[in-house]
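Here is a short briefing for a first look at this structure. It moves from a sheet to its neighbours, then to a few single residues and a helix pair.

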Amino acid sequence: MAGRGRVPGCSVVVLCLLLASLVACGGRPAADSVRAEVRRVLDHRAAALLARDAAGYAATGTRDGFAETAAVPLAGWSYRVGKVRRTGDEARADVELSYRLAGHDRGAVTTARTVRLGRERGRWSVVSDRPADGTGRQLWDQGTVRVVRAERGLVLGVGQSEAALRGFADLVDRAVPAVSDAWDGDWARRLVVLVPESLEGMAGLLGSPASSYRGIAAVTTGETGAPAGAPADRIVVNPEAYRLLGTVGRQVVLTHEATHVATRAHTSAATPLWLSEGYADWVGYRGGGSDPARTAPELSRAVSQGHLPESLPADEDFGFTGEAGDLARAYEGGWTACRMIAEQWGEARLDDFYRAVGAQGDRDGADRNGADPADPAEAVGNALGEVLGTTPEEFTARWREYLRARFG
């Protein structure tokens with residue numbers, strides 16, 4: 001509006017009428033108003049869930065999620081509302097759900113959700129609350145969660161018997177002290193294990209195709225280099241593959257995954273998979289008096305037939321979708337390298353070496369040779385010199401001789 005005269009904000013009736021569908025005169029945009037209403041509904045919904053207030057929860061919309069989470073020990077549950085799209089009496093909201101498990105999560109676990117709402121008699125209510133596209137499902141999205149408490153952790157399952165979950169709790173209580181005895185670093189010493197009903201359920205939790213995890217007994221989620229306040233990792237089990245394992249195999253797998261939880265803060269982009277997976281396997285088999293040839297059958301067979309590896313396993317050798325024999329040899333190669341360090345330099349040096357490699361990824365800028373500090377080859381080379389007093393070439397030659405002596 002051009003001109004020199006001052007026009008009071010609410011005196012121009014025509015202007016207010018033109019903007020009425022978008023902006024209340026002197027107020028907020030209508031979209032902001034809807035977003036605020038959605039936020040209020042979800043705040044009430046979260047509060048009712050935490051208070052186990054069934055009537056209050058039902059007043060906010062669909063009852064889905066209330067019974068399914070009844071046994072889950074929640075210390076926090078909240079929503080952050082992002083973009084809201086309204087079409088008449090329907091709305092779709094992009095939401096971030098944050099939750100914490102009581103006694104286990106130091107920080108909140110966050111996940112993207114899509115919440116659909118409807119408006120009736122002037123009130124908005126939740127019609128559905130689903131994982132956002134491309135996001136993994138939560139365990140309660142797959143059914144009612146059953147919970148078994150271990151002395152050193154928590155086991156949550158869907159479609160599993162109490163006895164089956166108790167079996168995992170027993171594995172947890174043996175895994176935690178085994179890891180703590182090997183790894184001298186500080187960690188929570190508590191585990192959260194998720195046991196879905198099937199391989200498809202596992203894949204759903206991880207947001208990936210089931211084919212990616214066929215034959216994989218368990219996977220640990222978590223961010224490498226996570227700070228102390230980060231949420232606890234989740235060990236996600238493939239129940240179909242787990243059933244095929246014997247008693248020792250089940251314990252080795254759970255202890256392996258627990259090792260990833262323990263070492264997470266000291267694992268960075270600079271840590272090669274042969275070290276992170278090999279160290280976890282070393283802890284898993286440690287103290288069992290295992291025969292190397294029985295523990296590493298694929299690598300033993302290859303070496304005995306004259307196929308001695310030229311180098312340590314590369315990260316791409318650990319892909320789940322490759323040949324099973326190649327994947328096994330990669331894991332066995334990492335395990336034998338870590339076992340050799342523990343035997344020839346000592347277990348304390350192995351821990352120091354692991355930390356030294358991971359720390360390279362936390363350094364700012366290039367190192368003294370101008371290389372990226374997060375480059376695994378450079379990080380391993382630096383740590384080999386600093387901790388073990390050797391070079392990559394000498395270490396690889398020593399490892400090959402170690403394989404030849406045991407498997408040749």
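Two strands pair if DSSP finds at least two bridges between them. Helices (H or I, at least four residues) and strands (E, at least two) are DSSP runs, numbered from the N terminus. This is a predicted model, in which local features need pLDDT of at least 70, side-chain atom pairs count only at pLDDT 80 or more, and totals for chains, interfaces and linings use all residues. Residues are numbered from 1 along each chain as its sequence is written, and side-chain values use heavy atoms, with hydrogens and water left out.

**The sheet**

- Five strands form an open sheet with mixed pairing, in the order S5-S6-S7-S9-S8.
- S5 and strand S8 (218–221) are the edge strands, and each pairs on one side only.
- From one strand to the next, the twist averages 20 degrees. Axes here are lines fitted to C-alpha atoms, for helices over the stretch in contact, and angles run from 0 to 180 degrees between N-to-C directions.
- Strands of a sheet pair through backbone hydrogen bonds, either parallel or antiparallel.

**Strand S6 and its partners**

- Strand S5 (residues 146–150) pairs with S6 in the antiparallel sense, over five bridges. A hairpin of two residues joins S5 to S6, and Ala150 stands opposite Gly153 in S6.
- On S6 and strand S7 (residues 191–195), the pairing is parallel, again over five bridges. Gly157 stands opposite Val195 in S7.
- S7 in turn runs parallel to strand S9 (residues 234–237), joined by two bridges. Val193 stands opposite Ile235 in S9.
- Five of the five residues of S6 (residues 153–157) are buried, so the strand is largely enclosed by the rest of the structure. Buried means under 20% relative accessible area, exposed over 50%, and partly exposed in between (1.4 Å probe, protein chains only).
- Both faces of S6 are covered: Gly153, Val155 and Gly157 are buried on one side, Leu154 and Leu156 on the other.
- In a regular strand the side chains alternate between the two faces of the sheet.

**Helix H4**

- S6, helix H4 (residues 162–182) and S7 make a left-handed β-α-β unit. A crossover is right-handed if, with the strands pointing away from the viewer, the path from the first strand over the helix to the second runs clockwise.
- H4 lies across S5, S6, S7 and S9, and runs at about 30 degrees to S5.

**Single residues**

- Most residues other than glycine have a negative phi.
- Arg121 has a positive phi, near 55 degrees. Arg121 sits in the loop between strand S3 (109–120) and strand S4 (123–131), and is exposed at 78% relative accessible area.
- Arg189 also has a positive phi, near 60 degrees. Its place is the loop between H4 and S7, where Arg189 is partly exposed at 33%.
- Thr114 lies in S3 and is buried at 17%. Beyond neighbours within four places in sequence, its contacts (heavy atoms within 4.5 Å) include Arg92, Asp94, Ser128 and Arg130.

**Helices H11 and H12**

- The axes of helix H11 (residues 324–344) and helix H12 (residues 347–360) come within 6 Å and cross at roughly 130 degrees.
- H11 and H12 are therefore oblique to each other. Angles under 35 degrees count as roughly parallel, over 145 as roughly antiparallel, 65 to 115 as roughly perpendicular and the rest as oblique.
- Cys338, Ile341 and Ala342 in H11 meet Glu347, Leu350 and Phe353 in H12.
- The residues of this contact divide into five nonpolar, no polar and one charged. Ala, Val, Leu, Ile, Met, Phe, Trp, Tyr, Cys and Pro count as nonpolar, Asp, Glu, Lys and Arg as charged, and the others, Gly among them, as polar.
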